[in-house]
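Subject: Structure handover

Hello,

Here is the structure I said I would pass on. My notes follow below it.

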Amino acid sequence: MTYEVFDPRFEALTVSHSKLEKLWTGSRWAEGPVYVPAAKSLVWSDIPNDRLLRLDETDGSVSVFETPCGHHNGHTLDHLGRILACEHGGRRLSRLDFDGRWRTLVDSFGGKRLNSPNDVVEKSDGSIWFSDPTYGIDSHYEGDKAESEIGASNVYRFDPETGALTAVITDLLKPNGLAFSPDESVLYVADTGATHDPAHPRVIVAYTVGSDGRSVRREGVFATLENGLFDGFRVDGHGNVWTSAQTAVATYAPDGTLLGRIPVGEDVANLCFGGAKRNRLYITATTSLYAVYVNAHAAGW
Ligand code: MG
């Protein structure tokens, strides 16, 4: 069974005969998928193994893109098609420039080292928003164990023009995946604080973006899980939220209704839209990379 339909709207977002495909296996914790259209490739992280992997869509082959890499976690493409990376090992946000070199964008806040950037999104004004929980410094498994210098896990807005870094969200325990609605009026952020406090709500929180485009106000809980965690997610062109949800992908309408699920069978960490028409959902789930064609497209396609 590829789909669990809870709302008729989900059927319109799926392709009835499309099946979930397991494309590759062999990672310890697959994360950070980013589709690179110009290379017809998907790049993703295998965090404990300290490597980036690449799927070549033209022949389905998978190879190592970079190792060691500094325990990358989340990725996104910027407006010029460059990969932006959250690095646990380097405790920095970096960018893969056209000359093939990774360059630091930011690695400190108020003179203190970042914890371990986790996931990242670029806004249309060129600002880069990322979460900075402690997973990369909690142990030596996904980075290098260290104390948090900042003493908090925030969401930051980075301005590449000025180098300014601003803490925009400070009220979450472990902010993780994040994405804007298509019109950028809402910022969704997952809170995986239950990893450190089992009683902590397993939620995606919605924030309204202010008219200045850079401040946010907490709107409320957008989605809740009973068990497991929401980690990374993406928003499609109609504003539906496609998210990791324990061992499945779950799809929520912009009004917060759970429309349906795609069971995967392993803990899902993240996903992204890829393929020439951005209608192929790539899913990073623990040991493996999966994909399924859906009747939805990445925002902006
Ligand atoms: Mg994450």
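Four strands, in the order E12-E13-E14-E15, make up an open sheet with antiparallel pairing. Strands here are DSSP runs of at least two residues (E), numbered from the N terminus, and two of them pair if DSSP finds at least two bridges between them. E12 and strand E15 (165–169) are the edge strands, each pairing on one side only. On average, neighbouring strands of this sheet are turned by 25 degrees against each other, direction ignored; the axes are lines fitted to C-alpha atoms, and angles run from 0 to 180 degrees between N-to-C directions. Strand E13 (residues 128–131) and strand E14 (residues 155–158) run antiparallel and are joined by four bridges. Ile128 stands opposite Phe158 in E14.

Some notes on the source. This is a predicted model, in which local features need pLDDT of at least 70 and side-chain atom pairs count only at pLDDT 80 or more, while totals for chains, interfaces and linings use all residues. Residues are numbered from 1 along each chain as its sequence is written, and side-chain values use heavy atoms, with hydrogens and water left out.

Next, the aromatic rings. The whole structure holds eleven aromatic pairs (ring centres of Phe, Tyr and Trp, its six-membered ring, within 6.5 Å; planes under 30 degrees apart are stacked, over 60 edge-to-face, the rest tilted). Tyr3 and Phe10 form an edge-to-face pair, 5.9 Å centre to centre with 80 degrees between the planes. Trp242 and Phe273 also form an edge-to-face pair, at 6.0 Å and 80 degrees. Trp242 lies in strand E21 (residues 241–245) and Phe273 in strand E24, so this pair ties together parts that are 31 residues apart in sequence. Ring pairs link Tyr3, Phe10, Trp242 and Phe273 into a cluster. Tyr3 is buried at 13% relative accessibility (buried means under 20% relative accessible area, exposed over 50%, partly exposed in between, with a 1.4 Å probe and protein chains only). Phe10 is buried at 0%, Trp242 at 0% and Phe273 at 6%.

Last, a pocket (on a 1 Å grid over the protein atoms alone, an open set of points where a 1.4 Å probe fits, with protein on both sides within 12 Å along at least five of seven lines; lining residues have an atom within 4 Å of a point). The largest pocket is lined by 30 residues, with Thr76, Leu77, Arg234, Ala298 and Ala299 nearest its centre. Among the elements giving two or more residues to this lining are strand E2 (21–36) and strand E24 (270–274).

Regards
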